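Student: I am new to this structure and would like to go through it slowly, one question at a time.

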Amino acid sequence: MKKRFVILGGGYAGVPVAYRLMQQGEDFLIINNRRYQTLTALLPDLVTGNIKDEDGILWLNTLFDKFLCATVEAIIPKENRVLVRDPQGVQHSIEYEYCVIALGWEPNIFLPQKGLFCVRDYPSALEIRKRLFDHLKSVIVCGGGFVGVETAGQIGRLSSHIGLEVTLVEAAPEILPTLPEDAQKEARRALQSLGVEVITGRAVKSVVDGVVLFENGETIRADMAIWAMGVRASRLVEEAGFSVDRLGRALVDQYLRSVDFENVFVAGDCAGTGQQMLGQIAVQQGKFLGTNLPRLVRGEKVKVPEFQYKGLTVKVGDKAAVAAIGETITFSGLLAVWLKKMIGKKYFLDIRL
Ligand SMILES: Cc1cc2nc3c(=O)[nH]c(=O)nc-3n(C[C@H](O)[C@H](O)[C@H](O)COP(=O)(O)OP(=O)(O)OC[C@H]3O[C@@H](n4cnc5c(N)ncnc54)[C@H](O)[C@@H]3O)c2cc1C
C-alpha cells in the first residue's frame, strides 16, 4: 500500500493533522495501535473511575475512514516506508511520500525497577483501577510533577472509602517544581487534605516490588508503586536513526521537518523543539502541520509557526486545582477546577477548528 501522507500515531498531535488533511481532500492514512485515542490528560480520572470510560477516549475509527488500527514496529525513512502489525498479528509494509511521526511518549524509566505500574493509556488505567478496588492497602506514586500529583490526588480521593494509604515522593524540594511557589504550596495542601502523605527532597534510587529505595539509603514500601518520574519520546524514533535530543525526540527545523529526511515531519512529544512535552504544544503542532503540509511539500511559502506554552492546570482530587497561566498568574480553587474541565473539552474544538 502507498499513501501520499502517512501519519503515525493518533494522539493529540496526529489527530488534528489527519482531520485537516481529510478536510482538504488529501490522500492520507492515520495509523494508531488502538481504535481510539486515550485522552491522556484524563488518565488520572480514568484510573479511579471518576469519569465514564468512554469520556476518556476518542474513537478514531469513526472520526476517520482512512484509519488503520495497527502497531508501528519500525520506521524505515531511507526506504520511505513503515512496518506495521495489525491486530491479527500480520505484518504489513506501508509506503509513503510524506510521513508525520506523532507516536508520543513512553515512561522514561532510568533506574532499577521491578513490578512498577505506569499510568500510560486506557488499558493500564483499567489495570491499576482493578487492583486499587481489589485488595490494595497502600500505594506510592513516584514523581511529583503534574502527572504524579494528579494521579496521587485521584487515588487519594478514594482513600477514605477503601482504606488506602497514599504516598507521593518527589526528589525536588517541592512538588510541581516547574510551577510558581504558591501553586506548589496549594497543591501540597490539597493533597494532604485528601490524606496523601507528601515526601519531598528525597531522590528515588530503585523501585522493586513496591519497595522504594531512596539515595540516602532509607526505604518505604507499599502494595503498589506507580511511575510518574518523567517521559521520553517513543523509542521507534531513535531506532529509526533520526538525530535526537536527550529525550529521544527527533531534531526538526522551524516547520517541524526532520533535519535528517526532508519528507518526514515530526509533531508532539516526538518532536525535538526544546519545548515541554505537553498536550497543548502537540495540538498546536498538529494543527499547524495539518493545515500547512500540502503547501510545505509543494515548496510554497508558509509563515513560521510559534508554539506557545500557555500555562498548566493541575487538578488535585475533585474539588481542588491549581492553575498557572504564563509565568506569573496563579490561582486555585473551583475556578481552576472549572478551567481544567474546559481545557479538556476545548480539545474537541481544536481538532476541527
Ligand atoms: C497522565 C498524564 C496527564 C497529562 N496531562 C496533561 C495536561 O493536563 N495538559 C497537557 O498539556 N499535557 C498533559 N499531558 C501530556 C500530554 O498527554 C502529551 O504531551 C501528549 O499526549 C503528547 O501528544 P502526542 O500526540 O505527541 O502523543 P500521544 O497523545 O501520546 O499520541 C501518540 C499516539 O500514538 C500511539 N502509539 C504509540 N506507539 C505506537 C505504535 N508503536 N504504533 C501505533 N501507534 C502508537 C498511541 O496509542 C497514541 O494514540 C499528560 C500526560 C500524562 C501521562
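Student: Which helix gives the most residues to the shell around the ligand?
Tutor: This is a predicted model, in which local features need pLDDT of at least 70, side-chain atom pairs count only at pLDDT 80 or more, and totals for chains, interfaces and linings use all residues. Residues are numbered from 1 along each chain as its sequence is written. Helices are DSSP runs of H or I with at least four residues, strands are runs of E with at least two, and both are numbered from the N terminus. At least two residues of the shell come from each of β2 (28-32), α2 (43-48), β6 (71-76) and α8 (279-297), and the element that gives the most, with three residues, is α8.

Student: Of the 33 residues around the ligand, which come nearest?
Tutor: A residue is near a molecule if its C-beta atom, placed from the backbone, lies within 6 Å of it. The shell divides into 17 nonpolar, 14 polar and two charged residues, where Ala, Val, Leu, Ile, Met, Phe, Trp, Tyr, Cys and Pro count as nonpolar, Asp, Glu, Lys and Arg as charged, and the others, Gly among them, as polar. Those that come nearest are Gly-9, Gly-11, Thr-40, Gly-104 and Gly-268.

Student: Why is one side of β23 and of β25 left without a neighbour in the sheet?
Tutor: Two strands pair if DSSP finds at least two bridges between them, and three strands form an open, antiparallel sheet in the order β23-β24-β25. Because β23 (311-316) and β25 (329-332) stand at the edges of this sheet, each has a single partner strand.

Student: How many bridges pair β23 with β24?
Tutor: Strand β24 covers residues 320-325 and pairs with β23 in the antiparallel sense. Within this pairing, Thr-313 has Ala-323 of β24 as its bridge partner, and the number of bridges is six.

Student: At what angle do α1 and α9 pack?
Tutor: Axes are lines fitted to C-alpha atoms, for helices over the stretch in contact, and angles run from 0 to 180 degrees between N-to-C directions. Helix α1 (residues 14-23) and α9 have their axes 8 Å apart and pack at an angle of about 35°.

Student: Which residues make that contact between α1 and α9?
Tutor: Residues are in contact if their C-beta atoms, placed from the backbone, lie within 7 Å. The residues of the contact of α1 with α9 divide into four nonpolar, no polar and two charged. They are Val-15, Pro-16 and Tyr-19 of α1, together with Asp-350, Ile-351 and Arg-352 of α9.

Student: Is Ala-70 buried or exposed?
Tutor: A residue is buried if 20 or more other C-beta atoms lie within 10 Å of its own, exposed if 12 or fewer do, and partly exposed in between, with C-beta atoms placed from the backbone. Ala-70 lies in the loop between β5 (67-69) and β6, and, leaving aside its neighbours within four places in sequence, its contacts are Ile-31, Asn-33, Val-84, Arg-85 and Asp-86. Since 20 other C-beta atoms lie within 10 Å, Ala-70 is buried.

Student: How many of the six residues of strand β13 are buried?
Tutor: Strand β12 (residues 138-142) runs parallel to β13 and is joined to it by five bridges, with Ile-140 standing opposite Thr-167 in β13. Strand β13 (residues 165-170) is largely enclosed by the rest of the structure, because the number of its residues that are buried is five.

Notes. Contact = placed C-beta atoms within 7 Å.
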